[in-house]
Amino acid sequence: MTILVEMSNIAKSFGGTAALKGVSLALAGGSVHALMGENGAGKSTLMKILAGVHQPDGGTISRDGRAVSFGNPADALDAGISTVFQELSLLPNLSIAENMFLGREPTTRLGRVDYARMNEEARRALAELGLSLDPGTLVSELSIAERQFVEIAHGIKADASVFILDEPTAALNAADVEILNRHIRRLKGEGKAVVYISHRMDEIFAICDTVTVLKDGALVGTRPLSEMTPATLIAMMVGRELAALFPPRGAEAGEEVLALSGLRVTERSKPLSLSLRRGEIVALAGLEGQGQQKILRALVGQYAPVAGQATVKGKPFALPASAASGVRAMQARGVGFVPEDRKEDGLFLGLSIAHNISAALYSMRSELSIAGSYQRLIADVMQRLQVKAAGPGAPAGTLSGGNQQKVLLGRYLAAEMDVLLIEEPTRGVDIGAKAEIYRLLREFADRGGAILVLSRETVELIGLCDRILVVHGDTIVAEMPAAAATEHNILDAALSA
Amino acid sequence: MKADTLRLLSTKGSRQGMWLLPLLIALGLAIWLSVQTQQFLNAGNLLNLVAQGMPLIITAIGQMFVILIGGLDLSVGSVISFTTAVLALDGPGIVLIPGVFVLAALIGLCNGVIITRFNVHPIIATLSMQYVLLGITRVLRPVSGGTVPDVVIASVSGSFLGVPLPVFWGIATIAVAWKLLYGSRFGLHLFAIGGGVASGTEDAAHNFGIRDRRNIVLAYVICSCFAALAGVFLAGRIVSGDPNVGLLFELDAITAVAIGGTQLSGGVGSLHGTVVGALVMALLANGMNLANVSPFIQTMIKGAILLLVVSLQSRKKMGL
Amino acid sequence: MAVALDNSTVRRLLRIPPAYYVFVLLLLVLWIARPHMLNLNVLGIFVRQVAPLGILVIGQLLVMRVKSIDLSGGGVILLINYCISSGTFPGASMGFFVVLALAIGIGVGLFNGLMVGKRRVSAVIVTLAVSIILVGFVQYLSSGKPPGDVPSMFTDIYNTKLGPLPTPVLFWVALSFAMWLFLSRTVFGRFVASVGENAQAAHFSGVPVERTVVLAHVLAGLFAGIAALVQTASIAVGSVRVGLDLPILAVAATILGGVVFGRGEGGVWGPFFGVLSFALLFVVMTAFGIGESGKLVAQGLIILLAAIFYGLRSQRH
């Protein structure tokens, strides 16, 4: 086996936070290499460095034994490294073929883009993946799964010898995944190196040869997958016995505080209802992108469902809620929404911790009222959450991921919400902070609060929650007590629906 | 039938923007004007229409390149004035004419570099450029005057094979723009960059390996050069340099581009749409002149049209 | 470079809005080159001249903090100036004109705000278009000729002094102080800071983002109306060109003062000193015999350099 790419001692930090601390990775031809780790462990950053999107602060990359450095994505492509990014990064205003050839368009002798050839090759590449889409269709017209396939087709048709697939299957169903796996095996057979990032254990064990595990930006180890079991792999990722991370589950749940009835997420989906009671933490689980986020966001007007009714503490109101004031209206009723993207949607990174914590308190008052400073309250919350910071005046952007997440949660604790709707409570947070956040959420529930939560990490939902609602096809297909749930039976429930 | 018409007018599944509707409006305006006033269809007025509309068509096409990448160039009006002032400097045409294009390219280069390298918002960068150029132009030529090289005057007033020369200006400009936008990879890359900006993923095109900064700079250079071309044309028409001739031209150009269906948020638009948009503006101005509408009212109407057109375009971002 | 930026003193110095440096620099230039101009009378006259600009800036800094901009001030000032000086309202009282000016300002501000906040139209284009519509309207009404005399009661007030300080300057300081109090003490001030830092996060934390932007524009319109009254009082005769360069100067002074599209580090006093810097700049330029065109170039360069200063500082890598 020849080593095609070797990354050694790669370090990278963003604004003072270390994302990667001296990570090494060797990719061999004819092998599929799994890159594992929790959200925020540094997998995507490492791959973006290999793809030329980010430049490392330290360490070296060698390609076929020669040292290289990639100043931009074009350099990496020229060196035969092709990437399917995690985020859907296709350009909506270009056609499928244009997207697939962007940056490497064939041209005619007159310098024009050779559309005939481009469309023909794109059609062939799509056909290989079992798709019969017109290559001239604009990407904005495609469904999410179709876009994902186009992205895959774009990545794997490239004339490259190293392929990075960063969560390529997030929007795909089992049959589609099998098509993809066939192509990965073909690439492997041709002696190419493939990096495969996924959260789905079964895929990892089905297709990969070697696994490298990252944790908090550092390398945990590289092992042949034949030596591993799902349990040992998880232990390697989490770094300690999983059970110790989670606080004990809640006692008896109290009265109902939030209910959804007759919610139809899309025209085609079946209506769903759910009920949330004081003292309990309830999960929306299932395969990624099956409607968990839509259900949660419909409650605060950030997604417009077809029809439905929500009831908060006995008071009903009709959905869809207003997009402009939905969050505000819910907050006034004691329901706080904690968005997934902490940096873009959650925090004011340039403003003080105090401002971030008090933001929801101010929002519940009228513009012209005098703004109190809430010094005592903010100090209280910071202490309760054990936020490690220079003081309440420090900008939120200077904190570590875990402390940022605590500040964000602190905002809703300070505003004394009854219900929290949380997306990805521990995204990009290190293991110690994770345990603390789980403890905080459980405390919140024990004090009579209720939490509806969704996460990509099913393990986290099983450990944290009391009840699990399995979502598939934009509706709830099963309900189970978390104590009896396993990753396997959640998946079963979702797929047999 | 109705559904078919609607589909023709809809912009879904295409990145050309809504250009058919303005074309219908332009045709409607032309027919209405020829019915309303006898003067409209006479040869003198039609030539006038072309000659008056040409600077706007040229400037709007340049502006379109910048708008397609989700930018905006507010300095084109001052580039026009500056160009006429330089042309009236009393030097040999062989130096002055290439000179104005070199200067325009430098101005565009400055705009582009300030925006891409120094992280300055395009509106702020080009707005300040506008003022710098206005000042320099006033130094060169405080009031209108001077004479431009004869060749410039001849190139816009004569005719060739019975066809008035301004028509050739139009054909040449459109041909060059067509080649740039539809006959090269560069054009496709502009759409890609704009598509990324419009959907909030500025890095998307970059991640595909496109040299986005270089292309953005190039778009601003093209925009400035087209403005300079319009300046040369105008200088030939007024025979002298005028520090105020380009006043508010940037807004007319933006209006024309927006009427033609190009989205100010970037990534959607077309050359033919822009030409149609400029034509609508030219017809409107011509009609208002024929009807003796006060020039001040004309300004108001143009402002109102700009407001109307941009408020019909929806975008996600709020603010600037 | 990286080493220098990591140095906390340098970083702290970079946090100070450029307006303060420019102000001190220009004072030094005057002190060395034309020391006789550094007296309260001369400076008082120049500072009084920029009072309308200063008042317009109070509104401008507010909209720029919520990542918008208002370039319609020129049109508003021109229209109000026309209403007062043209004799369209013969025998109207001072109070009537004040109410009229504020109403025009608020009306235009509300229109701008709704277009920017609700319709999400580009603020530059909306406010520029509104401005040229208003300018066209006034020029049409006056046929491009200067309208007439400003009622003497305006100029009389304008020329009063309180001790050594001209009343318009005091009025400007008082308004700035009021805005400072308003932004630092009310919930609205917190909303402005939130929206400016991250509109998306503001929305998710329950801030009424659209309403905040609309209100900021209404206030900017109101301040444009007040600026128009002071500007009108400063000239005895009406004009069809008055105030047209004020919006761009206001943007320049605001950026110089450290308030750049969302960043509010300069607060109210940074832009205040930005305006004072422009007053000094005019003194210096007059002293050195630099004409109108030089001023245009200087305005453009100041905006550009200040914007580059922030652009470089905010660069991530």
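The model is predicted.

**Chain B**

The secondary structure of chain B consists of 14 helices and two strands. The C-alpha trace of this chain spans about 50 × 50 × 40 Å along its principal axes. Of the 320 residues in chain B, 56% are buried. Where contacts in chain B join residues at least 6 apart in sequence, 79% of them link residues at least 24 apart.

**Contact between chains B and C**

Chain B contributes 39 residues to the contact, and chain C contributes 43 residues. On the side of chain C that touches chain B, α7 (94–118), α8 (123–142) and α16 (292–314) each supply at least two residues. The most is given by α16(C), with 15 residues. The residue classes on this side of chain C are tabulated below.

| Class, side of chain C that touches chain B | Count |
|---|---|
| Nonpolar | 27 residues |
| Polar | twelve residues |

**Strands β16 and β17 of chain A**

Strand β16 of chain A comprises residues 335–338 and is covered on both faces. A:Val335 and A:Phe337 lie on one side, A:Gly336 and A:Val338 lie on the other, and all four are buried. Strand β16(A) runs parallel to strand β17 (residues 419–423) of chain A, and four bridges join the two. Within this pairing, A:Phe337 stands opposite A:Leu421 of β17(A).

Notes:
Residues are numbered from 1 along each chain as its sequence is written. Chains are lettered from A and ligands numbered from 1 in the order in which they are written. This is a predicted model: local features need pLDDT of at least 70, side-chain atom pairs count only at pLDDT 80 or more; totals for chains, interfaces and linings use all residues. Two residues are in contact if their C-beta atoms, placed from the backbone, lie within 7 Å. Ala, Val, Leu, Ile, Met, Phe, Trp, Tyr, Cys and Pro count as nonpolar, Asp, Glu, Lys and Arg as charged, and the others, Gly among them, as polar. A residue is buried if 20 or more other C-beta atoms lie within 10 Å of its own, exposed if 12 or fewer, and partly exposed in between; C-beta atoms are placed from the backbone. Two strands pair if DSSP finds at least two bridges between them.
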